[in-house]
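Open the structure in your viewer and follow along.

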Amino acid sequence: MSTDASYPPGPDGLPVVGNTVELSRDVLAFFETLREEYGPVASYEVFGTDSCMVAHPDAVQRVLLDEHEAFEKGEVLTRNLADAMGEGLFVTGGDQWQNQRTQVQPAFYRDRLNTYVPEMRATAEETVGEWRVGDVVDVNDRMTETTMDVLGRTLFGVDVTENPVVSAASDAILARFDTSRFWSFLPDRLPTPTNRRYRRRLDELRAFVDDLVRQRRDQQPGDRGEDLLSLLAGFVEAGELTREELRDNMVTFLFAGHETTALGLTYALLCLARRPDEQARLRAEVDAVCEGPVTVGDLPDLERLDTAVDEALRLYPPVYMFFREATQNVTLRGYEIPAGTTLVLPPWAVHRDPAWWDDPGTFRPDRFAGDADRPEYAYFPFGGGPRHCIGMRFARMEMKTVLATVLREFAFDLVSDPEPPLIASTNLKPGESIEIELRERDPTDR
């Protein structure tokens, strides 16, 4: 590691492995400890790779927005996710990324998103329709099934829930990148049992996606829908997108598009189950705004529900860290960052920093009501700048639609650990089941 006095401070590491052991013990605590002991810009090392945590909102804004051209996704991210997402939007950079972003963007325009809400609601109603008072529901399992169904219906125009290949690949990816396991930091080319299963499941997922693409391309253009798969199939036929780019983008959206939203819903329900008073407030708002099942026109008026979603994503950001690599020497918060340094921007550490958030460990949706005196990038669950999550609006609309549907029908209590262990893998996942028990709504709150 550099010994330059202006290089960010950080803990000493072991020979060869650096700080990998500390990181693998608890990556979330590791970042919080770095912030508390060394400040919001701090250095560490992983197997010889110089890394720097960037956890100050002003510095995060510079990296993601103001000077984004001086940073790229970086070798750490592309090396780890190239097998899964190859030439997809999440991994690529430069002109290739810009071309793909331009082509995919129409599927996420507001007018198009509004047409997805009926399918989101219908899927949520089917989920809730299977529930009964007294049932104990495994929230993450149910929300994962729901968001996968929504994704299949809206973006792919097919039912993807009947084939277990997606969930099997998701489990394999989770195991491969579980940071609590030391071997997750080892190269994926090593033939460990986890790596072998990871590659096998990825091959099965690619074959599944290739089959979806083949079926869609066999249809006449006039017989296709207006979903993302049809849109991209047209670009392939026009020579504006390669078959590999199409496949890798479908894998990206299948995996990232359902799991992050499912986790957001899981943590929102966890937070609300711990706060029956907040449940009651949200239920009253849903009743006041929605004359029947929630519609696209209702969503903007569900303002308190908006703040509850914001607060759940603050406490439990599904994407708990973003990666960038400096392409040139830069200065952040007075420290010199050499070109080639891996930058880690952890929403987890920023979202729970008492410098920006009063009582940061407490679920308080009201903190998002009105204008707050805090930097914009003290909150960035969807990233920021030109490469912010393209599915941000889609995810928020889906979360509000599903939560409103649940709240209309049930009250619920938490019956599992109120502070469940967390697994920091590709996303932030609960380490054990989060379970709620359904009960009847109080008749007086209707």
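Show the surface first. The protein exposes about 18700 Å², and carbon and sulfur atoms supply 48% of that area. Accessible areas come from the Shrake-Rupley method with a 1.4 Å probe. This is a predicted model: local features need pLDDT of at least 70, side-chain atom pairs count only at pLDDT 80 or more, and totals for chains, interfaces and linings use all residues. Residues are numbered from 1 along each chain as its sequence is written, and side-chain values use heavy atoms, without hydrogens and water.

Of the 446 residues, 53% count as buried (under 20% relative accessible area, 1.4 Å probe, protein chains only).

Now select residues 136-138, 411-414 and 435-439. They form an open sheet of three strands, order 4-12-9, with antiparallel pairing (strands pair if DSSP finds at least two bridges between them). Strand 4 and strand 9 stand at the edges with a single partner strand each, so one side of each is left without a neighbour in the sheet.

Zoom in on strand 9 and strand 12. Four bridges join them. Pick leucine 414: its bridge partner in strand 12 is isoleucine 436.

Finally, select residues 243-273, which are helix 11. This helix lies across strand 9 and strand 12, at about 85° to strand 9. Axes are lines fitted to C-alpha atoms, for helices over the stretch in contact (heavy atoms within 4.5 Å), and angles run from 0 to 180 degrees between N-to-C directions.

Conventions: Helix = DSSP H or I, 4+ residues; strand = E, 2+ residues; numbered from the N terminus. Buried < 20%, exposed > 50% of the residue type's maximum accessible area, 1.4 Å probe, protein only.
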